[in-house]
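I opened my notebook to look up a few things in this structure, one entry at a time. Come and read along with me.

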Amino acid sequence: MIYWQVFLAFFIPGIVGYGGGPASIPLVENEVVDRYGWLTVQDFSEMLAMANALPGPIATKMAGYIGFQQAGILGSVIGVFATVAPSLLFMIVLLSVLNKFKDSPKVKKMTMLIRPTIAILLGIMAFSFFQTSYENTGLWETIFLIVVSFLLLEKLKVHPAFVIIGALSFGAIFLS
Amino acid sequence: MTQWHIFLAFFRVGILGYGGGPSSIPLVQKEVVEKYKWLNDEDFANTLALGNSLPGPIATKMAGYIGYRVAGVVGMLNAILATILPTIVIMIILLTFLSSMSDKPWVQGMTQAVIPVVGVMLAVLTYDFLKKAKGGLGWTLTIVLAVVSLGLIEWLGIHPGILIAVLLIYAIAKPTKKTKDQDTEIPQEEGQSI
């Protein structure tokens with residue numbers, strides 16, 4: 001049963017998440033936090049922070065870890081399989097047949113039309129992370145971390161891994 | 001030998017590509033086109049274009065298809081595992097270690113401090129998606145779709161997967177006609193016919 005749930009939880013983001021792994025983050029959150037309750041918002045953000053600090057594709061890191069946490073190694077394999085296999089299968093079948101459709105305005109339109117929805121999903125998550133931080137850590141610390149990490153990431157283009165490490169050290173020293 | 005090269009190529013992509021699959025595309029191109037010459041530039045561009053038009057993570061779609069094309073089903077599995085396995089293992093080890101110490105105050109401080117930072121990353125991603133949507137749809141439609149999505153997801157509790165599926169079906173079913181954004185694609189088509 002748990003294996004089936006793990007499969008479903010990652011199959012759905014894999015099949016409706018257009019725009020690569022990052023676009024499927026809010027869809028994964030919707031399944032594992034809201035629907036199945038495997039992780040709290042805090043757990044999820046912790047995991048996402050770690051996933052962002054590590055190299056490699058983000059969707060499979062989440063699926064691999066959450067699958068492992070819920071149902072061991074087999075769960076991890078199932079989570080990754082559900083994320084990867086459906087879209088890959090499409091790709092291999094379609095590429096042999098449908099190469100000519102890649103410029104089709106309909107296909108472009110499909111990717112285009114769902115972007116605002118994905119943006120909203122990401123925005124909702126960002127908001128709930130800020131809210132969690134405000135409730136657990138306090139207003140000024142939250143604002144400080146937001147401003148500093150935004151400046152480092154976007155203005156100074158510091159690598160996310162270093163920003164995450166910086167935040168972890170800050171937390172270990174000042175928020176403990 | 002080919003299998004070993006496939007493994008090396010995608011292992012490097014997986015271990016060096018930060019920021020998720022989409023940001024590792026240039027690395028894939030470097031290995032597959034420039035270093036091993038499995039695909040030429042045009043093939044690679046075609047593969048990427050189709051990969052982008054399908055759902056799901058892009059890194060594994062690229063790895064799987066290129067591995068399959070170069071060395072069959074074994075090549076496909078090899079390429080995917082090389083892309084994802086190293087980082088999944090590191091992730092599981094680190095997070096398991098961290099959560100085993102989760103009652104220590106300094107670990108709690110760490111997890112608290114990281115939440116707003118992830119929030120910022122997501123907010124930046126939000127902005128990127130809105131900007132990209134604006135490029136193709138124009139501000140009006142982008143904002144309308146964004147507001148409608150927000151209402152449906154947050155207040156009516158509709159599953160985002162359903163909402164996205166409906167939008168995709170709409171895009172397929174709707175006869176292709178010109179939208180209002182004159183700035184990019186339309187002038188070509190209409191200007192040429194004269």
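Before the first entry I wrote down what a helix is here: a DSSP run of H or I with at least four residues, while a strand is a run of E with at least two, and both are numbered from the N terminus. I also noted that this is a predicted model.

**Entry 1: UniProt spans in chain A.** I looked up the record for chain A. UniProt, in an unreviewed entry, places the feature "transmembrane region" at residues 7-28, 71-98, 110-131 and 158-175 of chain A. I checked residues 158-175 of chain A and found 83% helix and 0% strand, with the end C-alpha atoms 23 Å apart. Then I turned to residues 110-131 of chain A, where the chain is 95% helix and 0% strand. The end C-alpha atoms of that span are 32 Å apart.

**Entry 2: UniProt spans in chain B.** For chain B, the unreviewed UniProt entry gives "transmembrane region" at residues 70-98, 110-130 and 142-173. Residues 70-98 of chain B came out as 100% helix and 0% strand, with 40 Å between the end C-alpha atoms. Residues 142-173 of chain B are 88% helix and 0% strand, and there the end C-alpha atoms are 20 Å apart.

**Entry 3: chain B as a whole.** How many helices and strands are there in chain B? I found seven helices and zero strands, so I wrote the order from the N terminus as α-α-α-α-α-α-α. Of the 194 residues in chain B, 39% are buried. I also looked at contacts in chain B with a separation of 6 or more, and 46% of them join residues 24 or more positions apart.

**Entry 4: where the chains meet.** The contact takes 93 residues from chain A and 83 residues from chain B. On the chain B side, the elements giving two or more residues are helices H1 (2-16), H3 (41-53), H4 (58-100), H5 (105-155) and H6 (160-173). H5(B) brings the largest share, 34 residues. By class, I noted 53 nonpolar, 27 polar and three charged residues on this side of chain B.

**Entry 5: helix H1 of chain A.** This helix covers residues 2-16 of chain A, which is 15 residues. From first C-alpha to last it reaches 22 Å, close to the 21 Å expected at 1.5 Å a residue. Its buried residues include A:Val6, A:Phe10 and A:Pro13.

**Entry 6: A:Ser45.** I found A:Ser45 in helix H3 (residues 41-53) of chain A. Is A:Ser45 buried or exposed? A:Ser45 counts as buried because it has 27 C-beta neighbours inside 10 Å, and the cut-off is 20 or more. Leaving out residues up to four places away in sequence, A:Ser45 touches A:Phe129, B:Ile115 and B:Val118. I also noted A:Ala126, 81 residues from A:Ser45 along the chain, with 9.8 Å between their C-alpha atoms.

**Entry 7: A:Arg115.** This residue lies in helix H6 (residues 115-137) of chain A. A:Arg115 is buried because 26 other C-beta atoms lie within 10 Å. Which residues does A:Arg115 touch, not counting those up to four places away in sequence? I listed B:Phe129, B:Lys132 and B:Ala133.

Terms used: Residues numbered from 1 in each chain as written. Chains lettered and ligands numbered in written order. Predicted model: local features only at pLDDT ≥ 70, side-chain atom pairs only at ≥ 80, totals over all residues. Contact = placed C-beta atoms within 7 Å. Nonpolar A, V, L, I, M, F, W, Y, C, P; charged D, E, K, R; others polar. UniProt positions renumbered as here; feature names shortened; annotations may be inferred. Buried ≥ 20, exposed ≤ 12 C-beta atoms within 10 Å, placed from the backbone. Expected span 1.5 Å × (residues − 1).
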